[in-house]
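I opened a new page for this model.

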Amino acid sequence: MTGVAPILPEILLLALGVLVLIVDPFLKRDESRRRFLGWFTASGLLVTLVLSLLFARPAAPLLVYGGMIRFDWLGFLFELFFLLAAGVSALFFMDAEQLNYRAEAYLLLLAATLGMCLMASAADLVMLYLSIETTSIPLYILAGFLKEDEKSTESGFKYLLFGALTSAVMLYGFSLIYGFAGKTGLYDLGGYFTSFNALSIGVTFLVLAGLAFKVSLFPFHFWAPDVYEGAPTPVAGFLSTASKAAGFAVILRLFTAVFNADAINPNWSLILAILATLTMTVGNLIALTQKNAKRLLAYSSIAHAGYAMVGVVAFSQFGMASAVFYLIAYLLTNLGAFAVVGLVGRVTGSDDFSAYYGLSRRNPGLALAMLVTFLSLSGMPPFAGFVAKVFVFAAAVQSGWVWLAIAGVLNSIVGLYYYLNVLKYVYLYRTEAQDEDKHPIAVPRPFLVGLIVLVIGILLLGTVFGPWFGFAAHAAANLF
Amino acid sequence: MQFPFLSVIVFTPVVASLIILTYKPEWKTAVRWTALAAGLIALALSAFVYITYDKSAGGYQFLEKYDWMPLLGISLHFGVDGMSAPLVLLTGVVMTTGVMISWGVDDRPREFFAFLFILASGVFGVFASLDLFMLFFFYEIAVFPMYLLIAIWGWVKTREYAAMKLTLYLFLGSVVSLIGALVMYFSSGRQTFDMLVLETVKFSPTFQKIWFLPVFMGFAILGGIFPFHNWSPDGHVAAPTAVSMFHAGVLMKLGAFAALRVGIMLLPVGAKFWAPLIMGLALVNIVYGAFIASVQTDFKYVIGFSSVSHMGLVMMGFATLTPQGLTGAGVQMFSHGVMTALFFAAVGMVYDRAHTRDIPKLGGMIKALPLVGIGVIVGSLVSMGMPGFSGFIAEFPIFMGIWGTRWSFVAIIAAVSIVVTASYVLLVVRRVFFGKMPEEFEGHIRPINTFDKIALVFLMAFMVGIGLFPVLMVPWVQSGVQHILTILGGA
Amino acid sequence: MEFFTSHLLSFILFFPVLAAVIVLLLPKGNLKVIRWTAFGLSLVPFALTIYLWTQFQAGQPGFQFEDQVNWYTAINSSYHVGVDGLSLTMVLLTTLLTPVALLASFSVSDRLKPYMFLFLLLETGMLGVFLSLDLLVFFVFWEVGLVPMYFLINQWGSEKGEREIWKGVKVQARNYASLKFIIFTMAGSLGLLLAIQMIGVATGSFDLVGLFSNPNWLNSDNLRLVNLLGLPLGTVKAIAFWAFVIAFAIKVPVWPFHTWLPDAHTEAPTAGSMILAGVLLKLGAYGFLRLVLPLFPAESSRYAGWLAFLAVMAIVFGAFSAYGQKDFKRLVAYSSVNHMGFVLLGIAAAARAAGTLDGTIAMNGAILQMFNHGLSAAGMFFLVGVIYERTHTRNLDDFGGLFPLVPIYGGILIFTSMASLGLPGLNGFVSEFLVVRGAFGVGLNVPWQPIIVYTSIAMLGLLFTGAYILKGIKSVLHGPVNEHWAHGEHKLTEINAREIAVMAPLMALILVIGIYPAWILDVINKAVMTVFH
């Protein structure tokens, strides 16, 4: 037995959650409370991260706890980044209205993170379903957290309904799998779906429905713009990155463990390729028409799911590695983008582009952070997004999917257009009265810390990408 | 351990950029002097590299290699040969003179110089890079700052449109080439992006014929090849002076150079197959560019279209695949770079004072701005290929190269552009600088400052120096061409 | 000393550049210093040329005082200079006329430094063409000479006068003239440029000495290197021939490519016209002699008829046009077309009959005519300038009966006009006679009928030459005195000492060559014998 190492992060998260619950009643109901809860959660997550890094590192892939968990690098890597995302999000929560003084918000965040960690290492259908629900339910609540805000409530409700529906469909798919295979362990199911017949198509489709919802892949992406727009911005950030990544982790496992037979594979790759293209295109094209920064990011997040999927389609070790790397890069970048948008939205009271006029004069540093995140989203060096995109497209080319790579680059051009457009408003346009220096935008300390961490991460992944891709490759290797 | 010249040259601008970003926005003077210092460092080092390059030994020198991602064979690999050494020098020259000319930028100079220097690092990186992945890395770094520089500090009327058009066009070109490069990487079977290794790979003829065109044209878009040149004149006009200098002076050479390095040198069979098409397109550039330039009424548009024409000569030189043609193209990249930098600097100086670039409205500027006038006269003479100046040294061998191909009549058609260029350039110079100065400008044309003067003289020195003494540049280019010919010969 | 004599030509060639730089560094205000420095320095190349003349061995085949330095090794072009009798004559003309023109420029005061700077650079450009033994370097100097002249006409040309170009737009006459001059010449040189490129690629070198020694410089082997649409050898050579011819024909100028000349000559400042007519036109003729005939002997012979025809058209139409002019300067300009026609006639005759006595005579005449016309044209333009400076008009009708008012000027004018007319005893007669004698001889002895016809028609032209010269003199000097110039503020002042000093060397040479041409004809003749045989 390997002891608790495989689920060390989860245990620590649980402990942290309990601690938050315990500590909360003892705090005074004022300003300092916000600060404390946030910092407490964030530092707790940092501690968890460090401890996991030290003690929870896997050796060779190993199925543990009766086959429920697979202790391998894929799970490990994703867990670390979920912890990072949660920690940074906790920092961002601190200045979000209403989120900040409710311990429940932090608790929900931790719960969702716990669920994601389990998702990334789940090796059994039951565990998979459990972890997906553990992730989703807190997120539904978080999305609808702003009780007075109609949009938020709508967002939470929509998310819940869609999520519940697709989860049910997915569960049905799981039950069919069990019905035909008699087993629930993912790594035992490999031999059962060897031909591309109605059964395997049906089963895969059902399972994929749930997961496609999670990662906002066409045609299950419709919930995303409304949910992201309505949810509190830091929550939207967390949703669009960590939970998407978790969904991808599951997809990676499923396709390498269960639906991996040679007969099925090329066909599903084609289907996924088409879906990826549609996702990218729909996301990008609709993003073009947006006048609201938050909604723009929402649609762009949909598009990025498409880009990440390109790596999966390649279905090679390199492809999987590039998809993992993409998700990590995207996680850092999108969190940063949503963070900036959230801050500006809170200060100016609006998410429209007009709120960004003159931002470069109101706070040059914040504008630069926005520049870094947006350019990384568009795939420009020396930022993480560039390397990530090049690698997924390279993987596609290597596996012979040249048309897919071309579709990807063409989509990138569209993306570049609307990202640059926003930067144009930030740097070129000015406020009505042209008195930006009288209205500076202050960046609160926790925000600053979070942003700096992310920006450094983006730059690091964009320049010294060797070791990071190495981790992703290790994770991918563990899949096969 | 040899001093890592090229790394320092490549990274000095971006380091300076980061330093400048830490300054407070009010510290404008500090920003400017830091920028100038960085420029001078880069210039001095690139001059040193140029002068000490061993032409007789040839090949790639000042080599540096740092493994970056062994998994895929990506390394930070720098080196210059006879073709890139002059271009590195050119970048240093344009960077420094650009800083001098931009001394007066008062709207957020911190961000201006920061972005400009990110651009500069990207350009240096492409010229010095011997790793295909890193070449793209630096290439893209040279693209996005253009958007910001033009959109924010450019000419109010067209800057947003021009900036977006330029960025999207260039990005399109680069991703097309990227796909081609990725295909090459995977087909080579060598698991490396090292261009020195890729040069030795013999891709199948069919492969080369299919992929040469996307790869070459993708880069050549940045070189301004017809029919994808449209971004260039608008981009030139909308950009602020130093950015125009960079754009026409260096950036367009980036495209042509990358087309050479990645297209011609890695896919020689494809190059030979498609050469006639490239020659045809370049011919359109040369002649059409000259004719369109001659009907412009905005001074900057004249220069913009004239750049399209002159870059056509560069690509024509490449397409001939002959020693003379390639040599001429190499010299033309430098000569045109310096010339156009001077032109844009001069236009900028006139515009700053007269607040118009409309040729019919200008006149008599030489009395108020004598050195600018002389600079423009020298630039014009270079532009029309007048012997005694670098333009002739560049253009003559290009034409000889054309004679050496099967399509020698192209030389006759292209030669028409020389006369057209001469006529419009002389007319424009006369109308703007000679004759009577319109009343509204009397007394409002303040003289240029010392930095401006230094920049102008410095640029002129190159044009005259190389014109009279080709030995100052041609041997370098020749040694670079030698290597290219070996690759072509073996194909 | 050894270094000096072995690089004598380079000294002569580049000294004017040094002089130009020195002038540029002089203080701006003191016009006198600038003038005398420029003039003084310009005498140095002249003195050096005299020395060269004395050291030159006439009759020795090949080029002397050769100097060669690698220049553009990548394409096998070197800085290679040398003289033979033909180029020596032209160098003498250039280095003589430049100081004379600078002396004539003493009346210029606007932006004197750039003026002198450009003038001296121009001298190097012209000398370079004459001395060059490398095709590429020839072309370099050929083009380089255009730029200073463009600016001289543009900036210091006559301020009055407008020309209407298309769409009713009016431009200053000097702007029109200068642009036409440079664009016309450059357009013409395009063909030259292309042909030189072709030669460079085919033969692998631009060296003239090498090309001359190899009559088969373009053969079926190297034709493959410059494949021009697959055309055969003869056609390619013919195209190259005409490319050269057109470039030079524009410069000479040969009818019908002459239309730039009247404008350029008329609008140029006095000294500019002197050099333009005196030397620049000779560049074209020199091109024929140095390049066209030796490189394309067969084509020259074949197309000599065309050349002779065009020459005669120049002679006749030039004369008729001159006769019809009201503008004194324009009259002299057309007279240049007229006189240069004789040069081309002689060349055409010699082309057809290379190696024969008649051909040699015609060639001698042509070359001497080049020198002579240089002197007389420079003189005529100067004299027009003299009267213009005083009267500010060039319209012949405005003058009349000026002889009693300015007798010395009148005398000099008549003298120079007679030289231009071809009066026996003065230089013009000698050269024109030789050309006609040679042409007739070629016609009779080759035999070659057409040239007899052409030459006869040229005689008609000569008649009209006399007519327009006399008409000019009559309008200016004779008839009733025009009271306007006799009294008051417009009273004409006599020609002054400086102006006489300008004319003196020209007149002296005109007279000497007219009476005793042997000193120069000898050099020319020996050159012709060695080069063209």
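Predicted model: local features only at pLDDT ≥ 70, side-chain atom pairs only at ≥ 80, totals over all residues.

**Entry: chain B against chain C.** I looked up who takes part. Chain B brings 28 residues to the contact, and chain C brings 28 residues. On the side of chain B that touches chain C, the elements giving two or more residues are helices H14 (323-354), H17 (390-403), H18 (409-433) and H20 (474-490) of chain B. Of these, H18(B) gives the most, with 11 residues. I then sorted this side of chain B by residue type: 19 nonpolar, seven polar and two charged.

**Entry: confidence in chain B.** The mean pLDDT of chain B is 90. I found that 99% of its residues reach 70 or more. Which element of chain B has the lowest mean pLDDT? I found helix H15 (residues 365-368) of chain B there, with 86. Helix H3 (residues 84-101) of chain B has the highest, 94.

**Entry: the domains of chain A.** I read off domain 1 (1-159 + 217-257) and domain 2 (264-480) of chain A. Their C-alpha centres lie 21 Å apart. Domain 1 of chain A puts 38 residues into the contact and domain 2 of chain A puts in 42 residues. On the domain 1 side, helices H2 (31-55), H3 (73-93), H8 (223-230) and H9 (233-257) of chain A give two or more residues. H9(A) supplies the largest share of that side, 15 residues. I sorted the domain 1 side too: 25 nonpolar, seven polar and six charged.

Methods:
Residues numbered from 1 in each chain as written. Chains lettered and ligands numbered in written order. Contact = placed C-beta atoms within 7 Å. Helix = DSSP H or I, 4+ residues; strand = E, 2+ residues; numbered from the N terminus. Nonpolar A, V, L, I, M, F, W, Y, C, P; charged D, E, K, R; others polar. pLDDT = per-residue confidence, 0-100. Domains from an automatic or database assignment.
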